[in-house]
Amino acid sequence: MFRASLAMVTVASLALACDRGPTTPVSPDDAIIAADAQHASHDGPSVEGAGTIHFGASVEKVSVKTRGNSGKAQFHDKTVSGNVNGKIEVNCVRVVGNEATISGIVRHSNRKSLEGYEALFQIRDNGKDKKKNPDYMSPVLFHAVGTGPDCSVPSEFDLAPVKGNFTVKP
């Protein structure tokens, strides 16, 4: 029954992700500049911080600390189907401008069926003035490894305003 619920949540998340207007595409020149900035830093990109979003009836808190393509993230979800939390071993970080897409493997969760699944989410760092222009984050999406994208695949995400702060560095 949990797998059916998880499948329904995943399908609903994907449907919601597709139910928004188009975003401004990144020009090839901007992508090249972002890639060059990543190579300029010997440590690679980094993402750090914590934040909470409200997405529909769900409340999700994520904390993350990465350097290069490794790091850790934690998630705590309060959903209509119960509370879910866990730890993600980050293995992919893609930074373009002020946005970071992060993926990794769930290594621990209070829902054992999520362990070994891939987690994927996106963060937008909008600078220091959080009251006028807060950071944004997507809900964490889960899928079996090999059945969905990781952070290296450009994707669209539904982003919600964050109560908290993230710092994204190329």
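Glu 115 is partly exposed, at 30% relative accessibility; here partly exposed lies between buried (under 20% relative accessible area) and exposed (over 50%), using a 1.4 Å probe and protein chains only. Its side chain meets that of Lys 112 in a salt bridge, 3.3 Å from N to O, and Lys 112 counts as exposed at 54%. A salt bridge here is a side-chain nitrogen of Lys or Arg within 4 Å of a carboxyl oxygen of Asp or Glu. This is a predicted model, so local features need pLDDT of at least 70 and side-chain atom pairs count only at pLDDT 80 or more, while totals for chains, interfaces and linings use all residues. Residues are numbered from 1 along each chain as its sequence is written, and side-chain values use heavy atoms, with hydrogens and water left out.

**Overall fold**
- The protein chain has 2 helices and 10 strands, taken as DSSP runs numbered from the N terminus (helices H or I, at least four residues; strands E, at least two).
- Along the sequence, the pattern reads α-α-β-β-β-β-β-β-β-β-β-β.
- Of the 170 residues in the protein chain, 35% are buried.

- The salt-bridge count comes to 3.
- Glu 89 pairs with Arg 107, with their closest N and O atoms 3.2 Å apart. This pair links distant parts of the chain, from strand E4 (residues 82–96) to strand E5 (residues 99–109), 18 residues apart.
- Glu 89 is partly exposed, with a relative accessible area of 34%.
- Glu 99 forms a salt bridge with Arg 124, and here the closest N and O atoms are 2.7 Å apart. Glu 99 lies in strand E5 and Arg 124 in strand E6 (residues 118–124), so the pair ties together parts 25 residues apart in sequence.
- Arg 124 is partly exposed too, with a relative accessible area of 25%.

**A buried arginine**
- Have a look at Arg 111, in the loop between E5 and E6.
- Arg 111 is buried yet has no salt bridge, and Asp 77, the nearest side chain of opposite charge, is 8.2 Å away. For charges, Lys and Arg count as positive and Asp and Glu as negative, with His and the chain ends not counted.
- A polar atom of the Arg 111 side chain does lie 2.9 Å from the backbone oxygen of Ser 81.

Key:
A polar contact is a pair of N or O atoms within 3.5 Å; within protein, one must be able to donate a hydrogen and the other to accept it, and residues adjacent in sequence count only if both atoms are side-chain atoms.
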